[in-house]
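Q: I would like to go through this model with you. Could we begin with how the chain contacts itself?

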Amino acid sequence: MFDKYKVSGFYDEMISGEGVARDHYATLKDYLINSGDERLRQLQFSTDKAQMSMGMTFNVYHDSQGVEKILHLDIIPRILNRNEWDEIEGGLQQRIEALNLFIHDLYHDQKILKDKIIPDDLIRSSKDFLDACKGLNPPKDIWIHISGSDIVRDGEGKFMVLEDNLRCPSGVSYMLENREIIKGIFPDLFRNLGVQPVADYPAQLLNMLQYLSDKEKPSVAVLTPGIYNSAYFEHSYLALQMGAELVTGQDLMVENNRVYMQTTAGLESVDVIYRRIDDKFMDPLVFNKDSMLGVPGLFEAYKKGNVAIANAPGTGVADDKAVYAYIPRIIKYYMDQDPKINNVPTYLCSEKDSLKYVLEHLPELVVKETNAAGGYGMMIGPKADSKTHEEFREKILNDPRNYIAQPTLSLSTVPTITDKDIAARHVDLRPYILYGDSIKVIPGALTRVALVEGSLVVNSSQGGGSKDTWVLF
Amino acid sequence: MLSRVANSLFWSGRYLERAENYSRFMEVNFNLMLDLPPGVTELWQPLITATGDLELYKQKYDGYEKEDAIFFLAFDQDNPNSILNSVRRARENSRIVRENISKESWEAINGLYHFVNDAHGGKTWNSDKPQHFFSAVKQKVELIYGISFNTDIRGDGWNFNRIGQYLERADKTSRILDVKYHILLPSVSDVGSPLDALHWAALLKSVSGYNSYRRYYGKLNPVTAVEYLILASLFPRSIYFCLNHAENSLRQISGNSSGKHTPVEKTIGNLRADLEFADINDIFEFGLHEYLDKIQVQLNKVSEQVSEQYFQIRPNFTQQISNQ
């Protein structure tokens with residue numbers, strides 16, 4: 001089964017350079033070989049079916065409306081041992097704490113700008129810096145309640161943070177449902193290996209949300225843009241698991257700066273909102289006035305302290321890809337520590353020397369728009385043709401602030417079931433972090449896998465799949 | 001419960017019941033055709049009339065070929081009430097509120113949706129035995145009801161779902177009775193002929209009431225058959241039964257016991273009481289068609305009042321903007 005398995009040039013998480021399984025993967029490898037190709041294929045087939053019948057589907061943007069797809073779940077799990085996990089956990093806790101301090105500072109004294117650690121025009125030119133949030137004190141001074149940083153491994157297997165998703169990232173429902181499915185497929189492996197459970201995520205999320213309110217039994221609502229949003233399944237899933245109401249903007253209304261849901265028995269008050277809509281759609285009176293998704297008056301009620309919102313409005317400023325380059329300096333500034341997990345080296349096109357370097361090395365670099373998500377608006381230099389290189393040269397020159405570049409990463413690989421055989425496919429890692437009375441990293445993650453041979457794009461909207469991620473005790 | 005959620009549950013109940021009724025009507029019609037002597041024209045037109053979509057049908061098709069009728073009632077995407085569209089809407093409404101129904105119920109509804117979609121993709125109306133499709137849909141809906149009965153909590157959501165289901169069922173029973181009786185009318189004089197008996201049996205089978213009717217009344221008789229479909233207190237598809245149960249659900253939602261009524265409870269209570277004390281001979285004297293018509297008008301009113309009282313959402317958007 002692994003005779004023809006190729007690992008050259010990348011860090012493969014299962015098979016080391018000498019062609020043998022790393023310790024924490026040995027049991028899984030034996031198990032796969034004993035199961036045999038055909039059995040694995042059957043299991044994979046029934047997994048696809050199970051996902052469809054469970055309705056674990058998402059809608060694809062830029063695709064015709066109403067098309068529902070499943071996020072392909074490859075049944076071979078990705079395993080992280082205790083040491084690897086400790087490194088990730090510590091690194092993320094540090095990072096999120098620093099970013100939270102950073103956001104708070106930006107909306108208050110802006111010390112970091114005054115001390116010239118970050119150029120202030122970088123913040124001033126950021127579309128995600130919200131003037132309305134200046135001087136705002138969110139409950140318990142927490143801004144980033146829920147986040148999910150994307151982590152990759154370089155050629156030596158070293159972990160690096162690729163981006164920080166501080167605007168209520170999606171995917172956690174897949175982490176949870178994937179685990180349920182895979183437990184059914186490899187029950188004996190779970191027993192033998194000792195895998196840390198993730199199932200209490202919704203309970204932890206609810207605790208964290210309720211922690212934000214001073215009421216004894218706060219009422220929590222999940223605010224969704226609605227059924228056509230690509231992550232609707234997740235919104236509904238989390239609301240169900242938490243016993244919270246799933247609401248759309250039209251279900252809510254604000255009276256006397258208090259937020260209410262419209263129910264069959266009249267108005268019911270809402271104390272905490274886990275919102276899955278963008279900052280700018282939240283309240284048409286303050287932000288995008290054309291937004292039909294939001295709730296007029298919500299922001300004012302929030303400012304008055306009558307409702308808690310997670311994540312706080314305005315966090316987007318810190319996951320701007322241009323700000324990303326400064327995060328090591330941000331950690332140093334607020335915490336006087338070196339980053340426990342590094343950034344991927346990043347060139348800011350707004351800086352003169354970097355811009356020159358980027359324009360000279362376009363075919364080798366990955367160029368990204370600073371505020372696009374989902375793998376859109378990016379160019380992978382080595383994979384793009386010269387016409388695309390020129391297109392991006394134009395775009396960058398027109399608006400340098402809007403672009404960053406990074407060296408092409410050699411993402412690590414994990415064995416994956418393909419049409420032909422089991423082969424190495426590139427993966428990233430998205431762990432989920434909750435910030436309430438402490439910063440908790442859930443011991444598990446959504447591993448996204450690029451299903452196309454050689455591809456480095458793991459986004460679900462562009463042909464990526466997922467894997468269950470096992471963190472060992 | 002959120003008004004929007006209540007609305008979705010009500011409509012998912014209605015659409016699911018509609019899909020089930022259509023499937024049974026079709027299945028019965030197939031069986032009936034097998035029993036008819038050669039030369040008797042097929043009976044698709046009354047069925048289409050009963051669904052209330054005859055005008056739309058006429059715009060699209062000439063004549064009443066079996067294939068056209070099947071396609072129109074089951075798979076036509078232009079027909080808002082086709083089985084395909086009803087199932088899609090039932091599923092869409094369930095998907096919107098799936099955190100409010102059991103996982104098992106959701107998966108069963110989702111399964112039905114995929115089954116009907118696949119049948120549509122596979123052009124089932126061209127197959128040599130399309131009736132298998134209809135019995136499968138019927139069974140799958142019954143399965144959903146069974147699963148829901150054993151897994152869903154009996155909260156307001158359950159009751160809104162039931163109200164949708166029972167109002168729809170009462171409407172369909174009254175319509176099929178109205179249309180079929182109209183056709184059978186000329187033959188009332190020679191009641192007892194084999195052909196006549198077939199038709200009456202088919203009507204009762206259309207509402208899954210043939211066996212229980214026989215057990216209750218023995219011989220087929222138009223008067224008692226009509227009585228059974230309108231007034232029977234124990235038969236779950238009679239109009240009276242449906243009203244009684246919808247009313248119970250409404251009262252469970254409002255918490256009103258007798259003596260206190262919301263407007264919709266008043267309307268449905270009046271109608272239910274009317275049926276409760278009605279005599280079948282009086283109904284025939286009044287005119288069956290007129291009587292059924294009156295019921296349908298009241299059913300529509302109930303539906304509107306449910307919506308007015310429970311589903312209306314104040315438009316926070318425009319209202320607040322203009323306040324500023």
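Q: What share of the contacts in chain B with a separation of 6 or more comes from residues 24 or more positions apart?
A: In this predicted model, such residues account for 65% of those contacts in chain B, where contact means heavy atoms within 4.5 Å.

Q: Before going on, which conventions apply?
A: Local features need pLDDT of at least 70 and side-chain atom pairs count only at pLDDT 80 or more, while totals for chains, interfaces and linings use all residues of the predicted model. Residues are numbered from 1 along each chain as its sequence is written, chains are lettered from A and ligands numbered from 1 in the order in which they are written, and side-chain values use heavy atoms, leaving out hydrogens and water.

Q: How many helices and strands does chain B have?
A: Chain B has 16 helices and zero strands, counted as DSSP runs (helices H or I, at least four residues; strands E, at least two; numbered from the N terminus).

Q: And what is its radius of gyration?
A: The value for chain B is 20 Å, which agrees with the figure near 20 Å for a compact globule of 324 residues. The radius is taken over C-alpha atoms, and the globule rule is 2.2 Å times the number of residues to the power 0.38. The C-alpha trace of chain B spans about 70 × 50 × 40 Å along its principal axes.

Q: How much of chain B is buried?
A: Buried residues make up 57% of the 324 residues; buried means under 20% relative accessible area, exposed over 50%, and partly exposed in between (1.4 Å probe, protein chains only).

Q: Which strands does β7(A) pair with?
A: β7(A) pairs with β12(A), residues 272–275, in the parallel sense over four bridges, and three bridges join β7(A) to β8(A), residues 245–247, also parallel. Pairing requires that DSSP finds at least two bridges between the strands. Ala221(A) has Ile273(A) as its bridge partner in β12(A) and stands opposite Glu245(A) in β8(A).

Q: What is the strand order in the open sheet of four strands?
A: The order is β15-β18-β16-β17 in chain A, with antiparallel pairing. The edge strands are β15(A), 347–348, and β17(A), 378–380, each pairing on one side only. Three bridges join β16(A), residues 365–369, to β17(A), and Val366(A) stands opposite Ile380(A) there.

Q: Where is the cis peptide bond next to Asn311(A)?
A: The bond runs from Ala310(A) to Asn311(A), with omega near -10°. Asn311(A) lies in the loop between β13(A) and α10(A).

Q: What is phi for Lys116(A), and for Asn257(A)?
A: Phi of Lys116(A) is near 60°, and Asn257(A) has a positive phi of about 60° although it is not a glycine. Most residues other than glycine have a negative phi, and most peptide bonds are trans.

Q: Where do those two residues lie, and are they buried or exposed?
A: Lys116(A) lies in the loop between α3(A) and α4(A) and is exposed, with a relative accessible area of 71%. Asn257(A) lies in the loop between β9(A) and β10(A) and counts as partly exposed at 25%.
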